[in-house]
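Let's take a walk through this structure together, one piece at a time. Have the sequence and the 3D view open, and turn the model as you read.

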Amino acid sequence: MIAAAVLATLATICAVAAWRLTFARWTWRAPRTAILLWQSLGLTWGLASTGALLAFALDPYRKGVVHGLAEFLLSVEFGVRQPYDYLRLGALVAGLSLLAVLVALPLAAGAQTLRARRRHRLLLALVARDEPAVPGVRVVDFPGAAAYCLPGLKSQVVISDGTLHLLSSAELEAVLAHEAAHVRERHDLVLLPFAALRRALPWSKLVRDAQASVELLVEMAADDRARQRCCPRRLATALLRFGTSAALPTPQGALGVSAPSSVMARVDRLVRPEVALPAAHRFLILAGSVVLATSAPLLWLLPG
Amino acid sequence: MKGLGELERSIMDILWAENTPLTAREVGRLIEDRDLAPTTVMTVLDRLARKGFLNRTRDGRAWRYQPAASRDAYVAELMLEALDLTGDRDAALTRFARAVSGSEAEILLKALTELEEE
């Protein structure tokens, strides 16, 4: 019963920590460390909450979640004798369902994302052109402002024709450095599980806020990379030009979602940079994330 | 000799420019690269049809090919995803920034003017 209690506590701690983290501002001073903490919290929450249910259900085996589950699957004998056992049976069903959902969702989201990217890549091959002024970048003839990265084994950076007119060459260079950082660091893989979780629990404000936080942190991490290579001020003006480029009328049925003030937060960071989080703090957070992420799997093995 | 992708692109451009369904032979005549084997043109047309980008109809012993959608429709599809207007918020693309509207745009515009004056 100890393992179940500890796992349940761990799951609660993760949820509360995630909630606190959505308000935290130190994260903007160390976006990459914060992203790691988010990943660790998400993973640990999933393992701890399913583990708590399973540990409770498999308590009589006295072998921990992993071995208890193996024994249960081999013997298929659960032994429902008294009313209390129905509670355990319920926990078993809930635990296994939650585990299945948490594993299947990112996989399904991954498959769906791959399909969407494949289609996008096919269409790009037909309608995008190369522009001598920006080698290696695909240009789509579209008057609005758009710049993005299509991730994959062969990632492509794409900008619209409108972007070429909107930005000065120094600004364009800054935008491309930002996109190159997304490509190099595979930020899409960071975002994938959070997008999957959001799709699974669309009503949860915490999950929604978590996804928004991670999205913003990923952009800030790319901004940081870009500013090492070019003028941060130009990146800031590029951001502002993008933000104010006449938003196209939103098509019927589509949501024109934009996290309020996220553009301004990024601009402020670029123009008035705060001191980066001290290395000692970053190391502590890093170590904490690692301990957190390893704790749940170990607790799955803890007997009793 | 152009790559297959480049060839698909030029063939689509030809079919988009002509408003009428064309046979492989007619496409071959319009293509810049005169040395192209007719079978290559046929292969590429067939590939494009299988991917759903071309519709084909029988005309005697030959097929006539026609784009399934206009070029603009494909550009629109790409840009809807690029601007995250599909309402999905998926992680298929990583975007630089989104355009905002209303009072927020005014704040950004003010900040831009200030930055440019400094």
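Helices (H or I, at least four residues) and strands (E, at least two) are DSSP runs, numbered from the N terminus. S1(A), residues 129-131, runs antiparallel to S2(A), and three bridges join the two; strands count as paired if DSSP finds at least two bridges between them. Within this pair, Arg129(A) stands opposite Val139(A) of S2(A).

Before going further, a word on what you are looking at: this is a predicted model, in which local features need pLDDT of at least 70 and side-chain atom pairs count only at pLDDT 80 or more, while totals for chains, interfaces and linings use all residues. Residues are numbered from 1 along each chain as its sequence is written, and chains are lettered from A and ligands numbered from 1 in the order in which they are written.

Stay with S2(A) for a moment. S2(A) also runs parallel to S4(A), to which four bridges join it. Here Val139(A) turns up again, this time opposite Ile159(A) of S4(A).

Now step back to chain A as a whole. An automatic or database domain assignment divides chain A into domain 1 (1-110 + 276-304) and domain 2 (128-244 + 260-273). Their C-alpha centres lie 33 Å apart. Where the domains meet, 17 residues of domain 1 and 19 residues of domain 2 take part, contact being defined as C-beta atoms, placed from the backbone, within 7 Å. On the domain 1 side, helices H1 (2-23), H2 (31-57) and H4 (83-127) of chain A each give two or more residues. The largest share, six residues, comes from H2(A). By type, that side of domain 1 has twelve nonpolar, four polar and one charged. In this scheme Ala, Val, Leu, Ile, Met, Phe, Trp, Tyr, Cys and Pro count as nonpolar, Asp, Glu, Lys and Arg as charged, and the others, Gly among them, as polar.

Next, look at where the two chains meet. The contact takes 56 residues from chain A and 42 residues from chain B. On the chain A side, the elements giving two or more residues include S3, H6 (169-185) and H7 (187-200), but H4(A) gives the most, with ten residues. That side divides into 34 nonpolar, 15 polar and seven charged.

Which residues of H4(B) are buried? They are Tyr74(B), Leu78(B), Met79(B), Glu81(B) and Ala82(B), where buried means that 20 or more other C-beta atoms, placed from the backbone, lie within 10 Å of the residue's own. Seen down the axis of H4(B), these residues fall within an arc of 160°, so they line one face of the helix; the arc is that of the directions from the helix axis to the C-beta atoms. Their cover includes H4, S2 (134-140), S3 (147-150) and S4 (156-160) of chain A, together with S4 (94-95) of chain B.

Finally, chain B has an open sheet of three strands in the order S1-S3-S2, with antiparallel pairing. S1 (22-23) and S2 (54-59) of chain B stand at the edges, each with a single partner strand, so one side of each is left without a neighbour in the sheet. Two bridges link S1(B) to S3(B), where Leu22(B) has Tyr65(B) as its bridge partner.

Technical notes
Two residues are in contact if their C-beta atoms, placed from the backbone, lie within 7 Å. A residue is buried if 20 or more other C-beta atoms lie within 10 Å of its own, exposed if 12 or fewer, and partly exposed in between; C-beta atoms are placed from the backbone.
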